[in-house]
Amino acid sequence: MFRSLFCWSIFRIRISIPFLLLGVISLHVSAQQTSSIDSLENLLSTSSDTTRVVLLNKLSEIYGRGTSEKALPYAEEAIALSEKLRYEKGIAKSYRTLAIAFFFKNEHSKAIEYLFISATKAAAIEAWDLEAQDYLNIAAVHASVFGNYSKAMEYYTKALTVFETHQVSGRLHDAYAGIASVYIHQKEFGKALDYLTKSEHLLETNDDKNALAIVYQKIGDIFLEKDSLDEVEKYYNKSLENFKSSNTNGGIITALLKLSTVFRMRHDYERALKNDLEAYELSNSSTYERGRLYCLESLGKTYMAMKDYAKSKAFFEESIILSQRSKMMEKSMELYKSLADVASFMNNFEEAYQYQKLHTAYVDSVRSKERTQQLAEMEVRFETDRREKENQLLKKDNDLNKLYTAVALISLLSIGIIAVMFVNRQRIKLNSTKALSEKERKLLEVELKNTQLSESQLRSEIEYKNKELTTYTLNLIQKNEILEELKSTLEQIRATPSQELSGRLNGMISSVNFSFHLDREWDGFKKHFEEVHESFFDKLRIHFPTLNMNDMKLCALLKLNLETKEVATILGISADSTKVARHRLRKKLSLTTDQNLSSFLSSL
């Protein structure tokens, strides 16, 4: 399952450079795989929905490893069907399969592009293992294809972070091994060995022999850099044993050729040749030509070391054909240099010169290609950074969407709780209000009854006082009328010619006149009047300070709506004098001609 895209990339660079693989997969389409393809295609013809997506992805992977043109259409169909079904996991996996197809078509920039899409969609559905594997493969492309080890370290570290953050341990050892590869390239062998040891411990517990073989191979590479050939041979042999246990042909070929290199360094050409021939025989069953090319190259080197230059030349020439067919300019450059060396050893200097010229031509081409590749790499880096930023933005969007969802749920829950509390509170408040209203109603009824009783009592008192005032006023009027009549009679008697009688009558008349002006009568009247018309005299004094006592008396009598004759009787003056007094009072009150004096006084 795409455990590595690059099982043969080790042979593109010097043997001392670390093996930059996440895993090794067999890249040949054997008879057994052909049977498997037939079986899968039979199932595909009757499948639908998500099952069909899974089958399309498996077929695309198998065909991709065999460089078949069917790989790309199968992957594209898997994406289209997944999107139609809204099968999110299928979409993420299908983009990964599409990346595999483009990688084996040597379109590495597109491979990285689709790996980014797969990683983004995997993160969106929390498929952490898939996201981490995508990062591992992006790192491997940067290391093995573009030689960009800083980017490789960045994405190996990203994968490691995903594994550790989400506790996904399935391919954690691949992250350790990838980081170790970068440290090997940087000649930091101590750090590399630490990470490889971590990977080894994990793999020993889950019994993944294929991945363990790769770790052993990397450890052997470290010891090769240190020229510790015994340790190198030990770990390469461990690698070979584990590849054989897992039936990984690509890994077996790689391990055999690495051991062949060690044997040549020890001048043990017989064992080197034995390994080369075994690897070559195994590569003949594969449709992947690059594997056979590396076997032919190793045979050429071994025969050259054995000084069998004719056989060496034959293998180099055959490997040249494959390198040119595969458009491997760097490998063709190396092989022409090897052929020039062989021709020189055979004293065929003219041929050696021609091979050297071809080598030089390829050096120029490779340099030109390297410049072009550097530009392409810059474009890939730019695109990678852009994709990464998009990936981060999508992750942020996903995180924000999750946050918004959580906030919405919490808000809804809070609103629900608040609503329940509000309803309960309103119910309690309503019950309390009802009880309070009932109490207030009863209190109001009591107060109303008390008010009505008070008003009734007050009305009775007012009526009583009005009657008392009326009675007092009538008595006063009656008294004065009697006195007036008595005075008139006495004056008539006084007119008779009797000196003594006249003197006595004069005294009586004076007494009657005096009784008209007694202040105690006024005080009694005033007391009864103010009980009915409270503060009347105070208001007159405040608003009309020029009024005298007689004016006050006149105002009080006019407020009682007494007639002019009755007012004159009480005041002990004539009706004409009363009219004059009324006129003077109007002036003091500043009344206009259209204002009624009695009405004005009644309003006070």
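This report describes the fold, the surface and some single residues of a predicted model.

## Basis of the model

Residues are numbered from 1 along each chain as its sequence is written, and side-chain values use heavy atoms, without hydrogens or water. Since the model is predicted, local features need pLDDT of at least 70 and side-chain atom pairs count only at pLDDT 80 or more, while totals for chains, interfaces and linings use all residues.

## Overall fold

The chain has 24 helices and zero strands. Both are DSSP runs numbered from the N terminus, helices being H or I with at least four residues and strands being E with at least two.

Of the 604 residues, 45% count as buried. Buried means under 20% relative accessible area, exposed means over 50%, and partly exposed lies in between (1.4 Å probe, protein chains only). Among contacts (heavy atoms within 4.5 Å) between residues at least 6 apart in sequence, 60% join residues at least 24 apart.

## Surface

The chain exposes about 32,000 Å², and carbon and sulfur atoms supply 53% of this area. Accessible areas come from the Shrake-Rupley method with a 1.4 Å probe; for residues, only the protein chains shown count as cover.

Leu-400, Leu-403, Tyr-404 and Val-407 form a nonpolar patch on the surface, with about 370 Å² of accessible area together. Patches are made of residues with over 30% relative accessible area and no salt bridge; like charges are joined within 9 Å, and nonpolar side chains (Val, Leu, Ile, Met, Phe, Trp, Tyr) within 5 Å. A salt bridge is a side-chain nitrogen of Lys or Arg within 4 Å of a carboxyl oxygen of Asp or Glu. Leu-403 belongs to helix α17 (residues 349–494) and is partly exposed, at 46% relative accessible area.

## Aromatic rings

The structure holds 18 aromatic pairs. Rings of Phe, Tyr and Trp (its six-membered ring) pair if their centres lie within 6.5 Å; planes under 30 degrees apart count as stacked, over 60 as edge-to-face and the rest as tilted. Tyr-95, Phe-102 and Tyr-114 form one aromatic cluster.

Lys-158 lies over the face of Tyr-135, 5.7 Å from the ring centre. The charged end of Lys-198 sits over the ring of Tyr-195, at 4.9 Å from its centre. A charge sits over a ring if NZ of Lys or CZ of Arg is within 6 Å of the ring centre and within 35 degrees of the ring normal.

## Residues with positive phi

Most residues other than glycine have a negative phi. Asp-49, in helix α2 (residues 49–65), has a positive phi of about 55° and is partly exposed, at 45%. Asn-561 has a positive phi of about 60°; this residue lies in the loop between α21 (549–559) and α22 (564–571) and is exposed, at 54%.
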